Amino acid sequence: MDIRWLKTFLIAAEYENFRMASEELFLTQPAITKHIKRLEGHLGTELFHRIGKTVALTPAGYKFFPVAKGILDNYEQGMGEFEAWKQGYNRKLVIAAAPQIASSFLPSLLRRFIDTYPDIEVTINIVNSYEIGEEISLSKADIGLTRILPVQTTIKSEIVHEEPVVFVAPNEGTGEPSEKAMLQKYRLITYNHPDYWDRLLMDVKRQYPKVKTMTVNQVEVTKKFIEEGLGISYLPLTMVEDELNKKNMIQIKPDKILPPQSLTYLITKVETFEARTFIQFLKEVI
C-alpha cells in the first residue's frame, strides 16, 4: 500500500470532492481517481459512492478513515524522528510562544540554548497568548511562554520574567515632550498587549478624559504606526529597545500615569528531560 494513496484518501474524504482534493494536493483529478481506485483495489472494497460529479464515503470509507489517519500520523511522526536522527538530534522540545515573546528576548535566548544543547531539536509554535494554556493542556507543546496567566487548572505556571512598560512616541526631534502634550496631540494606540490595557486605559482616561484612542492588536504594527506618526503607546521595553536605540521613536517620561509591568509566564504540564533542561537554562540566563 502506497502512503500517497492514504493521503489522497484522507483529503478526498475531508472535502468529499475529488477536484478540491486535487487542488489541495497539487495533483490532477485523474491522479486522484487513480490513487483512490488503487487503494480500493488493495482493500477489496469501495470507499466512496460516486454520484455524478459528487462523492460520499461508503460505510467502509467511514470505518477506514481513522485507520488511515492513524497509519499516516505514525508514518509522519516516524519519518520526522528519523530525519531528526539523521541531522544529529537525539531529543525534541516544542515551545509554544506568544508573538511578543518570540520577537523580543526569545531569539537570543534560543541561540544560546541551541549552542549549549545542540542535540536537542527545538520547534517553536507561535500561538496567541490566550491559546497557549490550551496548547499545553492538550500536550501540543512541552513549554508555553505567554504574557497572561492561563485559566486552565491542570497545568503549572510561574512568572519567569518581569520588565517595565514604557511610554513611547514618534521622534519629532524637538527635545523632551511631556506626557500631557503627547496624549493631547496623538491617538493612544491600545490593546496591543493581552494583559495590562484595561487597567492602564482606565488610569489614562481618569487623568486625561479627552484622550483619543485607536485599537491595534499587534505590537509590530503598533511600532510601525508610531514611527509613521500615527500615534503613541505603552509597550514592553524589550519590544522597543531597537527602535529607541535607533531613535526611530522616543521614550516619554511618566508624569501622572504610572506604567505597568509586563510579565512572562512559563507554563508546563509534564516536565520532560528536555523541558527541565530548557527551564533551568532559562532561569539562569533571563
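## Selected residues

Serine 137 has a relative accessibility of 18%, and because buried means under 20%, serine 137 counts as buried. The model in which this value was computed is a predicted one. Serine 137 lies in helix α7. If residues up to four places away in sequence are not counted, serine 137 touches Gln152, Thr154, Ile155 and Lys269.

Histidine 35 is another buried residue, with a relative accessible area of 11%. Histidine 35 belongs to helix α3, which spans residues 29–43. With neighbours within four places in sequence left aside, the contacts of histidine 35 are Arg4, Trp5, Thr8 and Leu27.

Glutamate 172 sits in the loop between β6 and α8 (179–185). At 28% relative accessibility, glutamate 172 is classed as partly exposed. Its contacts, again leaving aside neighbours within four places in sequence, are Met182, Lys185 and Tyr186. Glutamate 284 is 112 residues apart from glutamate 172 along the chain, and the C-alpha atoms of these two residues are separated by 40 Å.

Glutamate 16 is not a glycine, yet its phi is positive, near 50 degrees. Glutamate 16 is placed in the loop between α1 (3–15) and α2 (18–25). Lysine 247, also not a glycine, has a positive phi of about 65 degrees. Lysine 247 follows α11 and is located in the loop between α11 and β10.

The table gathers the accessibility of the residues discussed above.

| Residue | Relative accessibility | Class |
|---|---|---|
| Histidine 35 | 11% | buried |
| Serine 137 | 18% | buried |
| Glutamate 172 | 28% | partly exposed |
| Glutamate 16 | 31% | partly exposed |
| Lysine 247 | 60% | exposed |

Which residues of α6 are buried? They are Leu106, Leu109, Leu110 and Phe113. Viewed down the axis of α6, these buried residues fall within an arc of 95 degrees, so they line one face of the helix. On the other side of α6, Arg111 and Asp115 are exposed. The buried residues of α6 pack against β3, α5, β4 (120–126), β5 and α12.

Helix α11, residues 237–245, can be described in the same terms. Its buried residues are Met239, Val240, Glu243 and Leu244. Seen down the axis of α11, they lie within an arc of 115 degrees and therefore line one face of the helix. Asp242 and Asn245 are exposed on the other side of α11. The partners against which the buried residues of α11 pack are α5, β6 (156–170), α10, β9 (233–236) and β10 (249–252).

## The largest nonpolar core

In soluble globular proteins, nonpolar side chains tend to be buried together. In this model, the largest nonpolar core contains 29 residues, of which Leu93, Ile95, Leu106, Ile143, Leu145 and Phe278 touch the most other members. Two or more residues of this core come from each of β3 (91–97), α5, α6 (106–116), α7, β5 (143–146), β11 (261–268) and α12 (273–285).

Leu106, one of the residues named for this core, is also among the buried residues of α6. The surroundings of leucine 145 can be listed in detail. Apart from its neighbours within four places in sequence, leucine 145 is in contact with Ile95, Ala96, Ala97, Ala98, Ile101, Leu106, Ile132, Thr264, Tyr265, Leu266 and Leu282.

## The largest pocket

What is the volume of the largest pocket? The volume is about 450 Å³. The pocket is lined by 20 residues, and those closest to its centre are Gln100, Asn128, Asn192, Pro194 and Asn217. By class, the lining comprises nine nonpolar, eight polar and three charged residues.

Helices α5 (99–102), α7 (129–137), α9 (197–207) and α10 (219–227) each supply at least two residues of this lining.

How values were computed:
Residues numbered from 1 in each chain as written. Predicted model: local features only at pLDDT ≥ 70, side-chain atom pairs only at ≥ 80, totals over all residues. Heavy atoms only, no water. 1 Å grid on protein atoms, 1.4 Å probe; cavity = no way out; pocket = protein on both sides within 12 Å on 5 of 7 lines; lining within 4 Å. Points joined across faces, edges and corners; volume = space filled by probe spheres on them. Helix = DSSP H or I, 4+ residues; strand = E, 2+ residues; numbered from the N terminus. Nonpolar A, V, L, I, M, F, W, Y, C, P; charged D, E, K, R; others polar. Buried < 20%, exposed > 50% of the residue type's maximum accessible area, 1.4 Å probe, protein only. Arc of directions from axis to C-beta. Contact = heavy atoms within 4.5 Å. Core = buried A, V, L, I, M, F, W, Y, C linked by side-chain atoms within 4.5 Å.
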